[in-house]
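This briefing is meant to be read beside the sequence and the coordinates.

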Amino acid sequence: MIFQALLIAILANLACGRVWSPITWPFCYPLVTGTLVGIILGEPQLGLVAGATINLAYLGWISAGGAMPGNIGVAGVYGTAITILAKASPELALTFAIPLGLLGVLLWQLQMTLNIFWVHRCDANAEKGEINKIWLNAALFPQLTSLLVNGLPAFLLVMFGGDFMMNLVDKIPQSLVNALGVTSGLIPALGVGMLLNFLANKQMIIFFIIGFFASTYLKLGIMPLAILGACLAVYKYFSATSDSEGLLDSNLDENADSASEVKNYSVKLKKSDLIKHWLIGLGAEIGYNYERMQASGNVLAMVPIIKRLYKNPEDISAALKRYLVFFNTEPSFVGTVIPGICASIEEEKANGADISDEMINGLRTGLMGPMAGIGDSLAGGIIYPITISIGCSLALQGNMAGPVLFFVIFTGIMLILGYNLYMIGFRQGRSAIMKIIGNSNSLTNLTSAFAILGLIVVGAMGAERVFLTTPLQVTIGETSVVLQEVLDGLVKNLLPFGVIMGTWGLLKKKISPVYIILILMAVGIVGYYLGIFAYVG
């Protein structure tokens, strides 16, 4: 059990500690972590289904600007672990996970606060030009701190919490279990509603409705509807955008000359330096802290660039200090263009160009907002919900391909897109950003096209995973009419559709998701005990 507890502790840190984006970003999602918790604890199928069930409530989860609406990593790891330790049904996993996710925000706040100490230690390294020691305070010590904050509670839970959880679940009345089962069918409406709030408007909501009722009436699964959505998205983009308006136009051709190839530089960056910079930069949040956000990760990523370009201790110290200022953007999908530009500018500066520290950080600061807006929207609002919906759909059928497919597609898109945008940023230098985002019409068309795909997939997921039925009967004379049959005769899945639309309406009125969770739980529990809603198991 000690070995299992240690593995769960490490997994909790991977899910919450933001070690390196290609691993920790997909690992924060319960579909992946729940499956791994199940494998570690010897219940892979229960972990798979419990993790997917928990993930449905977080379909619209986006952590932007350092804000944490709920600790999804804690919800996935702890919620699944408790479900398995208590030998409970997957439906109860969501009941465990939601409050734990809210409490987990306290762990996140503690981690972000403690990491402030380490970024000040990086300042001391920079002042002395200790470039070979930066990794200690930028990466190693923050991650040990994260392991303590996120991993220790998970270790204690697995080591000592099993009997307690089993006894606790045994004492829960079956009626309450059924009532909680009703709420587990309602809570995924919050995730769907959050995505509607992000993606939908009066013109686009029709695509959600198409996905919802195509799944309901035609019994089409997520995958065929995703293919349909992809076809509509491609048609939408190319019908609205001419070839000359493409997002990555001929000005961004991969064969464009880099500044170092055009100019006769005495000091040049090698391809290996750039790859190291990009790869390490994917861990920009490794020392994430409230004071300077991604500064620790940024300075760590710059080490290969600085080592290649500067030999004078004073120049090394100055370069380290440049990247220890406040910085925060989406670092993995789209934001990689910024470090690419910085590498190009540093190469110019090292070869005598009149470039000040203020100019470099002014450029970085000016770009971090637009790149965060595009990157968070693309990754969290489009790529994640589409891929996670496909993965959860397979997982809830007991198919282990679900989390694997999600991980491969999500991480693959991250690496391909992030690498190419980094290289574009380096080749084009300071002019890259205007060439990428300068054509606002093309960017808008691309976003709309992806939104169509996302809304169709999320519509199908809503139809499949938001459950609500009523057992009410109306007696007219000697005839009894089952209300659910009447509703099905009018429009199938009408109650789940109404719940999703109602949740979306509350979100549009700026009602907190925490309050909406409480409302949905109250509706489910009270409705079950009053006999208005039924638990279908």
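How many helices and how many strands make up the secondary structure of the protein? In this predicted model, the secondary structure comes to 24 helices and two strands. Of the 537 residues of the protein, 55% count as buried, and among contacts with a separation of 6 or more, 82% are accounted for by residues 24 or more positions apart.

**Nonpolar core**

- The largest nonpolar core of the protein has 152 residues, and those with the most contacts inside this core are Y29, F208 and F410.
- Helix 18, which covers residues 357-395, gives the most to this core, with a contribution of 14 residues.

**The strand pair**

- Strand 1 (residues 473-476) and strand 2 (residues 479-482) pair in the antiparallel sense, and four bridges link them.
- Q473 has V482 of strand 2 as its bridge partner.
- The hairpin formed by strand 1 and strand 2 has two residues between the strands, and in this hairpin G477 takes a positive phi near 65 degrees.

**Cavities**

- A search of the whole structure for cavities of 30 Å³ or more finds two, and the largest cavity has a volume of about 190 Å³.
- The largest cavity is lined by 20 residues, of which H277, N298, F327, I338 and P339 are the closest to its centre.
- Helix 14 (271-281), helix 15 (295-309) and helix 17 (337-350) are the elements that give two or more residues to the lining of the largest cavity.
- By residue type, the lining of the largest cavity divides into 12 nonpolar residues, seven polar residues and one charged residue.

- M293, a residue other than glycine, has a positive phi near 55 degrees, and M293 is found in the loop between helix 14 and helix 15.
- Is M293 buried or exposed? M293 counts as buried because its relative accessibility is 9%, and buried means under 20% relative accessible area.
- K510 is likewise a residue other than glycine with a positive phi, in this case near 70 degrees, and K510 lies in the loop between helix 23 (494-508) and helix 24 (513-529).
- K510 is exposed because its relative accessible area is 74%, where exposed means over 50%.

Conventions. Residues are numbered from 1 along each chain as its sequence is written. This is a predicted model: local features need pLDDT of at least 70, side-chain atom pairs count only at pLDDT 80 or more; totals for chains, interfaces and linings use all residues. Side-chain values use heavy atoms; hydrogens and water are left out. A nonpolar core is a set of buried Ala, Val, Leu, Ile, Met, Phe, Trp, Tyr and Cys residues joined through side-chain atoms within 4.5 Å. Buried means under 20% relative accessible area, exposed over 50%, partly exposed in between (1.4 Å probe, protein chains only). Two strands pair if DSSP finds at least two bridges between them. On a 1 Å grid over the protein atoms alone, a cavity is a set of points where a 1.4 Å probe fits but cannot get out, and a pocket is an open set with protein on both sides within 12 Å along at least five of seven lines; lining residues have an atom within 4 Å of a point. Grid points are joined across faces, edges and corners, and a volume is the space filled by probe spheres set on the points. Ala, Val, Leu, Ile, Met, Phe, Trp, Tyr, Cys and Pro count as nonpolar, Asp, Glu, Lys and Arg as charged, and the others, Gly among them, as polar. Contact means heavy atoms within 4.5 Å.
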